[in-house]
Amino acid sequence: MALAGLGRASLMLWRYRGQEWVRSHGHPFARLLLPAPAYLRFDKTLAVTVLLADLWLVSGIVVLGSDGIFTEEWMGYPGMMDPGGQGYQAGAVSMLLTTAWWSASAAVLGRCWTTAVVQLTVLPLPALWIASFDTYYT
């Protein structure tokens, strides 16, 4: 679904290439902050795409961590105790937060305000959720 959303966003870029992406009237600062309708549609499509990609990323972290990392309090079965997984939880939280900041920064540079807000609200919450898991190593 995330790849389909990325394809749709790319198609929107191609379809609206002849339309204005920046407003032509008003104060220059307001023209910078308020995108044209074509660009706003692209931003919304990109926001849905990154939301789907974020959900895929978080579910991948939880699925990969369920085999020997996280405890039976929330999984029902503890799995095997893999000593190689000691840094998995901290690494996953760090990766989610780093991804949130870098992708939101890229969205702000591209004036995709909706996408930036989605990245700054969606990824830190699962990072806190994953950080709250009890593991065999904490």
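**A guided look at the helices**

Guide: The protein chain has 7 helices and 0 strands. Helices (H or I, at least four residues) and strands (E, at least two) are DSSP runs, numbered from the N terminus. Along the sequence the pattern reads α-α-α-α-α-α-α.

Visitor: What kind of model is this, and how are its residues numbered?

Guide: This is a predicted model, where local features need pLDDT of at least 70, side-chain atom pairs count only at pLDDT 80 or more, and totals for chains, interfaces and linings use all residues. Residues are numbered from 1 along each chain as its sequence is written, and side-chain values use heavy atoms, with hydrogens and water left out.

Visitor: Why is Pro35 called buried?

Guide: Buried means under 20% relative accessible area, exposed over 50%, partly exposed in between (1.4 Å probe, protein chains only). Pro35 has a relative accessible area of 8%, so Pro35 is buried. Pro35 sits in the loop between helix H2 (28-33) and H3.

Visitor: How much of the protein chain counts as buried?

Guide: Of its 138 residues, 35% count as buried.

Visitor: What makes Arg111 stand out?

Guide: Arg111 has a positive phi of about 60°, although it is not a glycine. Arg111 lies in the loop between H5 and H6.

Visitor: Why does Arg111 count as buried?

Guide: The relative accessibility of Arg111 is 12%. The cut-off is under 20%, so Arg111 counts as buried.

Visitor: How far apart are Pro35 and Arg111 in sequence and in space?

Guide: They are 76 residues apart in sequence. In space they are 7.8 Å apart, C-alpha to C-alpha.

Visitor: What makes a set of residues the largest nonpolar core?

Guide: A nonpolar core is a set of buried Ala, Val, Leu, Ile, Met, Phe, Trp, Tyr and Cys residues joined through side-chain atoms within 4.5 Å. Here the largest one has 11 residues, including Val58, Ile61, Leu96, Leu123 and Phe133. Helix H3 (37-65), helix H5 (88-109) and helix H7 (124-131) each supply at least two of its residues. H5 gives the largest share, 4 residues.

Visitor: Which residues does Val58 touch?

Guide: Contact means heavy atoms within 4.5 Å. Val58 touches Leu96, Leu123 and Pro126, not counting residues up to four places away in sequence.

Visitor: How do you know that H5 is close to its expected span?

Guide: The expected span of a helix is 1.5 Å times one less than its number of residues. H5 has 22 residues, and 32 Å is expected. H5 reaches 31 Å from its first C-alpha to its last, close to that value.

Visitor: Which residues of H5 are buried?

Guide: They are Gln89, Ala92, Val93, Leu96, Ala100, Ala104 and Ala107. The arc is that of the directions from the helix axis to the C-beta atoms. These residues cover an arc of only 100°, which puts them on the same side of H5. They pack against H3, H6 and H7. The face turned away carries the exposed residues Ala90, Trp101, Trp102 and Leu109.

Visitor: Why does Gln89 count as buried, and what lies by its side chain?

Guide: Gln89 has 9% relative accessibility, so Gln89 counts as buried. The backbone oxygen of Ile130 lies 2.6 Å from a polar atom of the Gln89 side chain. A polar contact is a pair of N or O atoms within 3.5 Å; within protein, one must be able to donate a hydrogen and the other to accept it, and residues adjacent in sequence count only if both atoms are side-chain atoms.

Visitor: What about helix H6: which residues are buried there?

Guide: In H6 (residues 113-122), Thr115, Ala116, Val118, Gln119 and Val122 are buried. They fall within an arc of 160°, so they line one face of the helix. They pack against H3, H5 and H7.

Visitor: And which residues of H7 are buried, and which are exposed?

Guide: Pro126, Ala127 and Ile130 are buried. Their arc is only 105°, which puts them on the same side of H7. The face turned away from the buried side carries the exposed residues Leu125 and Leu128. The cover over the buried residues of H7 includes H3, H5 and H6.
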